[in-house]
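Hello,

Here is the structure you asked to see. My notes on it follow below.

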Amino acid sequence: MENFLSRFEIEKQDLKLIQEHLQIISIEKDFKVNDKCLGFIKILKGELRAFILTPNAKEITLFHLKENDECIICSECNIDGISYDVFIQSTQNTSIAIIPSSIFQILKEKYPKINNYVLSLITKRFNTLIKVLEQALFTPLSSRICNFLKENASNNTLKITHEALANHLGSAREAVSRILKELEKEGKIKLERSKIILISL
């Protein structure tokens with residue numbers, strides 16, 4: 001958090017205010033963050049997943065927040081007149097630092113650099129939202145699965161269940177499992193228990 005604060009030439013009294021209200025929270029894996037007014041957060045360790053729900057209650061992953069990433073949770077507390085329903089879930093044991101929304105609002109109003117930074121974060125997230133929705137509407141599920149596997153695999157391996165993959169893509173588990181089996185028959189991947197190995201995607 002100190003690296004973040006040093007970018008904006010914050011006065012000593014405001015640094016003290018932040019230190020007095022700064023919160024460090026540990027979140028267990030798969031915990032869903034229900035507080036809609038967290039404020040500004042920085043990931044110290046672990047990972048959070050941001051997702052939206054479709055009208056038929058399917059989850060579509062928007063983005064992941066990993067170590068050292070920063071985000072506004074949630075925007076209605078920090079950007080006047082802008083509100084959207086994004087849900088947050090930890091994908092592993094995670095620690096986050098939080099500047100509460102009430103304090104961050106004061107900083108945003110006082111320091112133009114912080115306000116501009118917040119606007120850039122919100123713009124980035126909205127662009128991500130548009131991209132994800134475009135893919136959900138116009139890109140075949142098989143292509144979306146392949147793209148997801150390539151983008152998220154580490155050393156050609158991704159530890160994930162079919163159910164979790166379906167949630168990421170806002171699809172049904174049965175449809176995802178069928179396509180994964182087709183990809184395995186084609187020799188492009190190998191399926192193991194809660195694991196997908198990329199061979200020639």
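Salt bridges come to 14, counting a side-chain nitrogen of Lys or Arg within 4 Å of a carboxyl oxygen of Asp or Glu. This is a predicted model, in which local features need pLDDT of at least 70 and side-chain atom pairs count only at pLDDT 80 or more, while totals for chains, interfaces and linings use all residues. Residues are numbered from 1 along each chain as its sequence is written, and side-chain values use heavy atoms, with hydrogens and water left out.

One of the salt bridges joins arginine 173 to glutamate 163, with the closest N and O atoms 3.6 Å apart. Arginine 173 is in helix α7 (residues 173–185) and glutamate 163 in helix α6 (residues 162–169), so the pair ties together parts 10 residues apart in sequence. Helices (H or I, at least four residues) and strands (E, at least two) are DSSP runs, numbered from the N terminus.

The chain is divided into domain 1 (1–138) and domain 2 (141–198), with bounds from an automatic or database domain assignment. Eight residues of domain 1 and nine residues of domain 2 make the contact, meaning heavy atoms within 4.5 Å. The two domains bury about 680 Å² between them, 48% of it on carbon and sulfur atoms; buried area is the accessible area (1.4 Å probe) that two parts lose on being put together, summed over both. On the domain 1 side, Lys58, Glu59 and Gln135 lose the most area to domain 2, together 51% of what that side buries.

The count of salt bridges between domain 1 and domain 2 is zero. The elements giving two or more residues to the side of domain 1 that touches domain 2 are β5 (59–66) and α4 (112–138), and β5 supplies the largest share, four residues.

Regards
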